[in-house]
Amino acid sequence: MKKKISILGSTGSIGTQALDVISHYPDLYEVVGLSAGTNIELLAEQVRAFRPHKVSVADNISAERIRGLLPAGTQLYWGEEGLIEIAAGSNADFVITAIVGSQGLKPTLAAVDAGKTIGLANKETLVSGGHLVTSLAAKRGVSLIPIDSEHSALFQCMNGERREDVRAITLTASGGSFRDRSRAQLAGVTVDQALKHPNWSMGAKVTIDSATMANKGLEVMEARWLFNLPYDQIKVLIHPESIIHSLVEFNDYSVMAQLGNPDMRVPIQYALTYPERMPTPTEPLNLAEIGKLHFREMDFERFPCLRMAYESGIAGGTAPTVFNAANEIAVARFLKGEIAFLAIEDVIDAVLQQHEVAADPDLEQIDESDGWARLTAASLFK
Ligand SMILES: NC(=O)C1=CN([C@@H]2O[C@H](COP(=O)(O)OP(=O)(O)OC[C@H]3O[C@@H](n4cnc5c(N)ncnc54)[C@H](OP(=O)(O)O)[C@@H]3O)[C@@H](O)[C@H]2O)C=CC1
Ligand SMILES: CC(=O)[C@@H](O)[C@H](O)COP(=O)(O)O
Ligand SMILES: [Mn+2]
């Protein structure tokens, strides 16, 4: 029987790579649901190639644009309801969450509630509502399989190991587009410069997050929920080549690492085939050609977004939701050329300073805090 797949965010960097992987194994996988934002041309092409029964887009304007391009019988949805329909209302066994931002939380909860296995790329979901997603997944017996490269690496290194034998985990960080610049050299950097990641080709938001190191902060919080470890056991190490994707240190000081070329099709495919492995449509790693790997200690003064992420994670409650939402607004403004690169960290800091953390929030409180943080961040620009 073919595994039935739905993808949230099929037109993005992860979504298109997931479809590339799936296209190499037509006997194993069947695409039953696709959701995109506003890239109607690409979505229509994907629908022609993969023939999902259900399709969703960001809004009714996009829905009207794609309606006439869909094969007869394809069901069309839009907005949040559409995302939830693709996540939970289809006959998918496996849902890839490759949408960007905390808007992934509700559809992911709906998919978990409906018993779907989750291939989790969207890290903002676990940052914003990790306790809700993991407790519901435990209740429904649903697996959350990481796609984010570091978490896939950690997941692979911890396979068959006992959690109590883990001493610490280390997430590697490339350092992003500006890793060799001092803070003084960050004034006046452009959007185009920030979008040039040294190793990975990714969507705009995560590429900017890599440059501010907010990405690693989000990943530290994502790891806290995926691996149920306290923050003092989650470390970050700068590794400019992005060949070692993360490491696990055990109580006997043995360290396991997962290595590979920086190509997301490997962790995407591993999530799909887990616990089996199959050839990926990528290149094998050639360490002799690479020659040397380098490491640098993390500098929390150079990268204050990572410091604020740890502080938010440790504070818990609604603090991570607020960190994430403020960052989403600040990054969107930076990408539009409305604020400077260094203002991203100022926005997050200002919003966090004004926030009164609520402990153990339910979905409604998460929603409220997310909305409050967005409005507060936006009000800083007036
Ligand atoms: N790219 C990467 O290599 C990695 C990404 N991740 C994480 O995966 C997630 C996706 O990242 P990435 O693929 O880079 O992002 P992209 O920006 O490339 O893609 C985002 C996807 O979300 C869709 N989308 C955006 N807004 C809406 C909306 N309102 N309604 C419905 N769909 C919407 C976009 O649709 P459209 O384009 O049609 O508007 C697109 O399909 C992020 O959380 C990121 O942090 C994690 C590890 C690596
Ligand atoms: C590919 C991937 O998983 C990204 O989240 C990646 O981690 C970005 O690289 P850095 O955050 O290390 O720059
Ligand atoms: Mn990552």
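Let's start with S13. S13 sits in helix α1, residues 13-23. Helices here are DSSP runs of H or I with at least four residues, numbered from the N terminus. This is a predicted model: local features need pLDDT of at least 70, side-chain atom pairs count only at pLDDT 80 or more, and totals for chains, interfaces and linings use all residues. Residues are numbered from 1 along each chain as its sequence is written, and chains are lettered from A and ligands numbered from 1 in the order in which they are written.

Buried or exposed? S13 is partly exposed, because 19 other C-beta atoms lie within 10 Å. Buried takes 20 or more, exposed 12 or fewer, partly exposed is in between, with C-beta atoms placed from the backbone. Beyond four places in sequence, S13 contacts S201, M202 and G203. Contact means C-beta atoms, placed from the backbone, within 7 Å.

Now E124, in helix α6, residues 123-140. E124 is buried, because it has 28 other C-beta atoms within 10 Å. Its contacts beyond four places in sequence are G101, S102, G104, L218 and N324.

The unreviewed UniProt entry annotates a "binding site" that includes S13, E124 and G203. Such annotations may be inferred rather than shown by experiment.

Last, ligand 2. Which residues come nearest? Of 13 around it, they are S149, A173, S174, S210 and N215. Around means a C-beta atom, placed from the backbone, within 6 Å. Helices α7 (149-157), α9 (204-212) and α10 (214-227) each give two or more residues to that shell. By class, the shell has four nonpolar, six polar and three charged residues. Asp, Glu, Lys and Arg count as charged; Ala, Val, Leu, Ile, Met, Phe, Trp, Tyr, Cys and Pro as nonpolar; the others, Gly among them, as polar.

Conventions:
Two residues are in contact if their C-beta atoms, placed from the backbone, lie within 7 Å.
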